[in-house]
Amino acid sequence: MTSISASPDRAPCVRRAALAALVEPDPVRKAAQARALHAALLAGQATVDPSLALAEPPGLPGRPAKPALVEPRQLERRGMRSPEGRAVLLHALAHIEFNAINLALDAVWRFSGMPDAFYADWLKVAAEEAYHFSLLADRLAGFGHAYGDFPAHNGLWDMCARTADDVLARMALVPRTLEARGLDASPPIRARLAQAGDHASAAILDVILRDEIGHVAIGNRWFRHVCALDGRDPLPTYRTLAERYRAPRLRGPFNFDARRSAGFDDAELDALAAQDHGAMDEGA
């Protein structure tokens, strides 16, 4: 793993280092940098400067030439019964985790003036997403493939770019909306992998779901923190932001237990259930 070492009086700023990791195009090096930076912060070998103003470099995020990025409807869907079908799935999951590293690193460098704990939280998320990516990349290699072998879509980063100027919108619509969808999707995917006899891949889904509950909880925590600072009611504020930034409409089935563990309250879960019921009525 890449390491970060510095004398106490020259300890790197995690926000500046997070931007450097975000710019890195190689997924393996990016993942190693994210994990090393988090370890450095925990060891007291890195500092947090919330007031630091950083200019956005062109070409964010750094990423490899492959995978080719296409519209979601252009992605090929294959059954999990075949090894090739499971490789396609693992690649899609690895792409999500690679983007999740970028999303967490972007939150660390981009949003100034937040409490120190905000940056520590999102650096922890970046490190855990890097671990997930590494697990999936290793498993994908067992199928004779590597990250980049199949096309992917760019939906996660698109929302990241849309919310670049608003930390409240970012917290509302990336961890609490797009990433929270993973809480709903993981159990059925895991079940299908286990049914196909791929228990090694299913075990990786267990790790990811466990950690993603914590990541969504971090998004909830900071969304409510900013709402409280601004004197806003979280539920109507979320609805307004979802409409303004064209967030995808969420459809069930929902993993209400995981969402509750991730910090969604009863009013939010009731609203989600009502929205899903309305969507089903429309489709009837």
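**Pockets and a helix pair in the predicted model**

The largest share of the lining of the second largest pocket, five residues, comes from α11, where helices (H or I, at least four residues) are DSSP runs numbered from the N terminus. The structure is a predicted model, in which local features need pLDDT of at least 70, side-chain atom pairs count only at pLDDT 80 or more, and totals for chains, interfaces and linings use all residues. Residues are numbered from 1 along each chain as its sequence is written, and side-chain values use heavy atoms, with hydrogens and water left out.

A pocket is an open set of points on a 1 Å grid over the protein atoms alone, where a 1.4 Å probe fits, with protein on both sides within 12 Å along at least five of seven lines, and its lining residues have an atom within 4 Å of a point. The second largest pocket is lined by 16 residues, of which Y238, R239, L250, L272 and Q275 lie nearest its centre. The largest pocket is lined by 49 residues, with R77, A92, I96, H153 and A185 nearest its centre, and α3 gives the most to this lining, with ten residues.

The axes of helix α2 (residues 27-42) and helix α4 (residues 116-142) come within 8 Å and cross at roughly 140°; axes are lines fitted to C-alpha atoms, for helices over the stretch in contact, and angles run from 0 to 180 degrees between N-to-C directions. That angle makes α2 oblique to α4, because angles under 35 degrees count as roughly parallel, over 145 as roughly antiparallel, 65 to 115 as roughly perpendicular and the rest as oblique.

Technical notes. Helices (H or I, at least four residues) and strands (E, at least two) are DSSP runs, numbered from the N terminus.
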